[in-house]
Amino acid sequence: MKKTLLGPLRAPLLGIAVASLVFVCGPTSAQSAQDQLDERYNRALAAGYKALFLCGAIANAERNGAVRTEESVHEWELTGVYSAIDPIVRDLDYSVVRTERGRVAYVSVDWADNMPPRFAEAGMDTGCRLAPMGVTPSLSDSHVDVLAKDATEPAGFTFVLTGRDGQPLRYQEQVPTPLQRILEASMSDQYGEGTRTTAALVRINREGNGLVESARYTAGFDNKTPQRTWSVAKSIAATLVGVAAHRGLLDVKDRTGREEWQRDARRSITVDHLLRMASGRYSDTPGNRTDPLYAGGSTVEETATNWPLIHMPGTQFRYANNDTLMAVKAISDRHEDFDPAVFFKAVGMDHTVAETDWAGDYILSSQVWSTASDLADLGQLHLNDGVLPSGERILPEGWVEYISTPSGPQPDGPFGYGAGWWLMNKSEGIPPDTFAAFGNRGQYVVVVPSRNVVIVRRGEDPAGNRFDIAAFTRDVLAALED
């Protein structure tokens, strides 16, 4: 090799230049690759989200004898979703496939040329479930059998029903003018700019006059039209824990018993910790974003189970879907025939369905479809402290006090938290015994025991637009005094 005077000088300079190039371009290239990967993943999530909501809205409405069109679902459920998928979701090509009997079999959504479409399949009594990525949809004989199956009550988790004659429900056509004005106002954006109310309902238990229900619905929705409850399902899940406790299947102070938690401090996590969002476990996103499960097609076991502990159980509030999902697993792990449909039937929530993941576990942190009137039945059950109109008790005595007591660590903000229910104990002008179920996109069930009132508001609020449930509750209660 021929040496020159510049040789020794050039080599270090060249090395510096190459190193600089690697330093500058390496992360940029990696970021570009990550951006492409994220873009592809968001497109897959958008396709799963669209398949599940088209399937759920249409199939569950038809199950109730109601009608939802594809255009309506695009206008309501598929508009104003979170920013990562909102620009994508409405433009993805899709197909609604029906059986020979005309029922929705599945909805498929195209998202990539080199991958099968995302799809959600419908069951007559089980709503819709989202397939994992890469599974190919088909209309098989076994699938048709699932659609045609009869609803049955599993042994060991049944109720004795004696009817609802003890407390008849009367629909009041001529509502008091002040309440009528409040219900009408809720259909505008008076309680939040850009909010979109689909239903507003007030149920009043008047001594000697039975139950009186007043409701308003926007065009295209009525008392048979189900919507996804989102996190209102967490309060339904807490109620199912109460049912299981009353039947002796578990105690809220019990440890979960998860085998994979027995090797570390997670073994001390109780059902109560899970209901109070105080397991101490980490999760990658706070609150109501569990994308792999809700839109990716993963299972509850894959998504919710194995997060590590970062706080000792019972010491830190962290609102997390995974805690609710594991509280429900505490029931199903102990009782293999666990089926929320039996509870819905007992309470009279005939237009409500809880959906599962691909493996059959219930996604009771969010994935329930219900009507405004059925959710009022849920609230009414709690007004009655867990006693059905027939006189049958299905929740433990004192259950309402348990769920509405802020005995665990508390969240920041205007509302407290009990066991699976939010507390409006800090809201001015609202009785301090008021507790509520809150859900994404403006789902609310407010229970006011001291006033014998249940308030339900359903909506499809765009991301970032919030309905003022405290102001609405305050105005409803004031109107009822007039």
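How many of the ten residues of strand E6 (residues 197–206) are buried? In this predicted model, nine of the ten are buried, and the strand is therefore described as mostly covered.

**Strand E6 and its partners**

Strand E6 pairs with two other strands listed below. Eight bridges join E6 to strand E7, and seven bridges join E6 to strand E15. Each of these pairings is antiparallel.

| Partner of E6 | Residues | Bridges | Direction | Example of facing residues |
|---|---|---|---|---|
| E7 | 210–217 | eight | antiparallel | Leu-201 and Ala-215 |
| E15 | 453–459 | seven | antiparallel | Ala-199 and Arg-458 |

Within these pairings, Leu-201 has Ala-215 of E7 as its bridge partner, while Ala-199 stands opposite Arg-458 of E15. In a regular strand, side chains alternate between the two faces of the sheet.

**The disulfide**

The structure contains one disulfide. It is formed by Cys-55 and Cys-128, whose sulfur atoms lie 2.1 Å apart. The angle about the S-S bond is -80 degrees, and the link is left-handed.

Tyr-41 counts as partly exposed because its relative accessibility is 34%, a value between the limits of 20% for buried and 50% for exposed.

Conventions
Residues numbered from 1 in each chain as written. Predicted model: local features only at pLDDT ≥ 70, side-chain atom pairs only at ≥ 80, totals over all residues. Heavy atoms only, no water. Buried < 20%, exposed > 50% of the residue type's maximum accessible area, 1.4 Å probe, protein only. Disulfide = S-S within 2.5 Å. Helix = DSSP H or I, 4+ residues; strand = E, 2+ residues; numbered from the N terminus. Pairing = 2+ DSSP bridges.
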